[in-house]
Amino acid sequence: MLVEIAVGSLGVAGIAAAILAWRLSQGPIDLTGFVQRQAAGLTAEGARLSIGRAALAWEGFFAADSPLDLRLDDITLRAPDGTALLSLPRGRVTLSLTQLLRGRVVPRAIELDRPVLALVRTASGQLQLDVGQAQGGRGNAVVAELAHAPRAESAPSGPLPLLSEIRTVHIRDAAVTVQDAVLGRVWRADDASADLRRRASGGVSGSATLDMAVGAMRVKLAASAELTASGTQVNASTGAFDPARLADIAPELAPLGAIDAPARVALVAELAPDLAPRRGTLSLTLGAGMVRAGKGTAAIRSAAALAELTPDHARLTQLTIAMAAPPGAAAPPPTLTATGALDRVAGGFAVPFTVHIDRAAFGDLAAYWPLGTGGGARPWVTENITAGTAHDGTVTGMVTLGPGFSNPALTALSGGIAAEGMTLWWLRPIPPLTGVAARLSIDGPDAIRIAVTSGAQGRLRLQGGTVRITGLTQKDQIGDIDADIAGPLSEALGLLGNKRLSLLSRFPLKIEDPKGDVRTQLTVHLPLDVRVTMDDIGIAAKGTLSDVHLGGAVAGRDLDDGRLKLAVDTNQLTLGGRATVAGIPADFTYMNDFRAGPPTQVLERVSAKATASAHALRGAGMPGWLMTGGSASLVLGYTRLRDRSAGVDVSADLSQAVLATPAGWSKPAGEAATASASLLLQGDRLIAINAVRADGPGLMLRGRARTGAASNQLDIDRAVLGRTDLHGTVSLPQGNEPIAVRLAGPALDVSPFLHPGGEPPAASGDSKPGPAWEADLAFGTVILGPKEQVSPVALTAASDGRRITHARLEAASGGVRASIEPSPAGRHLSIRSADSGAVLEAAGVTDSIRRGSLRVEADYADAEPHAPLSGTATLDRFRVTDAPAAGRILKAMTLYGALDLLRGPGLGFERAVVPFRWERQVLHVESARAYSASLGLTAKGDIDLATRRADITGTIVPAYFFNTLLGRLPLVGHLFSPEKGGGVFAARYSVKGPLGDPKVGINPLSVLTPGFLRGIFGPG
């Protein structure tokens, strides 16, 4: 514009160049009026140009090419709306005199002092005077012309001949205002100076300095440029400035408001021939200061960045941030390095980046990680990772931006960092993980993952695991912990039973002295919020247990040698495997449901299978007489409901068991047999036993048991045990009421109790009182032995727990009637039987007596200890057979005929009178006597029915009827037979030892000894 003004003003001057030459040599010529009139014609673009003074001056005829100057003062260019676009107090345009003499106006130099210029930065990025319309690409022509060497041809050529000889442009103390259409801001530059020199070979070199102001921010800028035909190279740098003051210039510069540190910027740019940006390098350095992020700050020692720029692309080739250590830092501060890019894409920009960190102490992390960044991850990590060091970290990601750098969004994120020696509080107040080595990885923009390789939880070893935090881009974050833990079982149970976890708080089993080893996978799902409650946390553990000992775990008995699997969460606990309980190895599963539910909900379920030997079952409390050998396969199922009702199903395969009962029934191994029952409980109280079954060879049981407030009752639908076949009930009343037994059936076999096998147990001492009972029995047949039986039989009896208080027995066969009734001295026993042998055999006294009648009258001395029974038993017309002691006595006496009778049909006796005292299973006999026509004997001593041993002495009298005649003579009879029942010719005997094989002693000389001398020659 300024050149055009000069050309217009001097158009006519070329015609009169020769005339004016002399005048100009005398001094400047005032051309103000002329120039003002010419300026009025140069406002076709709508602008108004005003010139205060104009003069033409020449240096004289001292040189052929002396400069001709057009000197202008007070020049103002205004836009159509009156805005001042150019204000120039003083300017000078040096013209080529040679060209002027030829009638051409060609400037050679331009000097501007203190100009004030208003420019516009268009949306395309070009600078131009704001005259209200485009410049038609003339700026490109100016650049093209200046790129050529200055031409001094007789006729200047090129796109702009007026610039063909331009050599220099000097601007002093300029003030420039730029209306930036791209950023929507106004830029101001004061004290701007510029020097442009056109090289002889073409092109322009220049430098400029200015003091730029944008809003409240001022910064000094220095630049240099080299313009050539192929393009322009620009170097620019700033002095120190405060980046935060640029934050309100444009939305895309808002992040600079977080930087509180001195900054310097340097730019190296390459422009196209039309001055359009082609490429460049931008560097930024920061001094010590603070960077604000979120609700906090981070201190830095320094930072440096280097970026490569193109119109559609920017690449951050280097970014280094050296953090400043906080007071009392545990380790040197970290250094961060980064690279990145800014790529133009459809709809905006893509910003890929990579960040590296050398190392950082977790104890210092809160100082380097600004408050409010990272969502819930930042408070969780800084509060719960209290020790350790992170190192060798790398993060890569992608940020997308909308038009004008709007709507930033993190669309991709990955990377990781290693850590060692961490102390990790994963759920306070549970003790932390210590000595943790891990690798932190970023799983996309929304999650981070901590892969743990080692560590410890108290005495538990952390053998691996992960901590995953999700929702980093959301308001709330979630943490998921998965840990592989191994160590002592007691420590693991302590961890799972911690009140913060509450996994075992509803576990009903009370375990004492737990021992063993465990390896468990613990998972925790929790919101990363300090206000989190237990209901918000999901916790689960799965593990294997070995060499387990749990004291009192099963019905008060210890569990040992366990190889178990455990699974527990907030919903339920399951435990299963193999273990030994009371010496019995068993496979079992256990389930406990923690969830709320209806009354019919199953809270506990147990199933167990075991094969137990007879020895193991005796150790578990089963009576030894029931299973004497072999093994049994057992199956147990237990179910407990929320309404506190429970059921137990028990079954046993007894095929390999050796079974025996006191009732004489037995089963060898290899014969099939089973047993089962179902128990119902309410709380800890048994209320019923249903479906009681037992099946086997000679065995069948069907029944049930039920409990009530008044009594418990066993109902026997049918029981077959060997030769016994019965049904009935057994009632167990509550309180002091007696047990009521009512049984009946076709047959009752009592022979095993009358003929016990083996050596009987020794007599026991005093025992505590048992329960009171009543019995009412009625059987078609009662079997007493292999060939003996009575039928039918009815018995009623009662006991107070110590003794039978009364009883009444009647048996049709054998004519047996017996009773026990109260008497003044205690109780009176009365027995009548037409078959004495059967009664004595049933009482366990002897099985050698056959037939005969029996009368027993005796009394219990209940006031004495053990209530001894004293009385007399009288037997009439009975026989004795197969008596070992009697046989040896008769043999010693050489009474072979009697001996033959004993072996055959039996040795008959007319009567036996036996006074006795029975106490604690010992039968004490005093002055007992028995006789027949051929034999008589006396006896006294003891028979211990518990040990089956005898200690008896007495006299045996052969040919009893004739041998006793002398003893019956008046006056002298006692000399021949001093003892009642004795004879003149008799022998003393003794019987000692086991009843089945006693030792018999006989004094043969006493056979010829008168009765009054018999005591002297007694058996030794």
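**Group meeting: salt bridges and strands in a predicted model**

A search of the whole structure turns up 35 salt bridges, a salt bridge being a side-chain nitrogen of Lys or Arg within 4 Å of a carboxyl oxygen of Asp or Glu. I will go through three of them.

Before that, the ground rules. This is a predicted model, in which local features need pLDDT of at least 70, side-chain atom pairs count only at pLDDT 80 or more, and totals for chains, interfaces and linings use all residues. Residues are numbered from 1 along each chain as its sequence is written, and side-chain values use heavy atoms, with hydrogens and water left out.

Now the confidence. pLDDT is the predictor's confidence in each residue, from 0 to 100. The protein averages 80, and 79% of the residues score at least 70. Helix α1, residues 2-9, has the lowest confidence with a mean of 44, while strand β34, residues 645-653, has the highest at 94. Helices (H or I, at least four residues) and strands (E, at least two) are DSSP runs, numbered from the N terminus. Residues 131-138 stay under 50, and the model gives them 11 contacts beyond four places in sequence; contact means heavy atoms within 4.5 Å. Residues 1011-1020 are also below 50, with 27 contacts beyond near neighbours in sequence. Where pLDDT is low, the predicted coordinates should not be read in detail.

Of the 1020 residues, 40% are buried, where buried means under 20% relative accessible area, exposed over 50%, and partly exposed in between (1.4 Å probe, protein chains only). Among contacts between residues at least 6 apart in sequence, 49% join residues at least 24 apart.

Back to the salt bridges. E111 pairs with R92, and their closest N and O atoms are 2.9 Å apart. The two come from distant parts of the chain, E111 from strand β5 (residues 107-113) and R92 from strand β4 (residues 84-96), 19 residues apart. E111 is partly exposed at 30% relative accessible area, and R92 is partly exposed at 26%. Both belong to a network of salt bridges that links D69, R71, R92 and E111.

What is the N to O distance between R827 and D862? Their side chains meet in a salt bridge at 3.0 Å. R827 is in strand β48 and D862 is in the loop between β50 (853-860) and β51 (869-880), so the pair ties together parts 35 residues apart in sequence. R827 is buried, with a relative accessible area of 5%, whereas D862 is partly exposed at 21%.

The loop between β50 and β51 also holds E864, whose partner R917 is in strand β52 (residues 907-919), so this pair ties together parts 53 residues apart in sequence. The closest N and O atoms of E864 and R917 are 3.1 Å apart. E864 is partly exposed at 37% relative accessible area, and R917 is partly exposed at 29%.

Leaving out residues up to four places away in sequence, S830 touches R817, A818, S819, V856 and E857.

Last, the strands around β33. Two strands pair if DSSP finds at least two bridges between them. Strand β32 (residues 602-613) and strand β33 (residues 627-641) are antiparallel and share 11 bridges. K609 stands opposite V635 of β33, and V635 also stands opposite S651 in β34. β33 and β34 pair in the antiparallel sense over 8 bridges. They form a hairpin with 3 residues between them, and R644 in the turn has a positive phi of about 75°. β33 also runs antiparallel to strand β35 (residues 657-660), joined by 3 bridges; there, M627 has L659 in β35 as its bridge partner.
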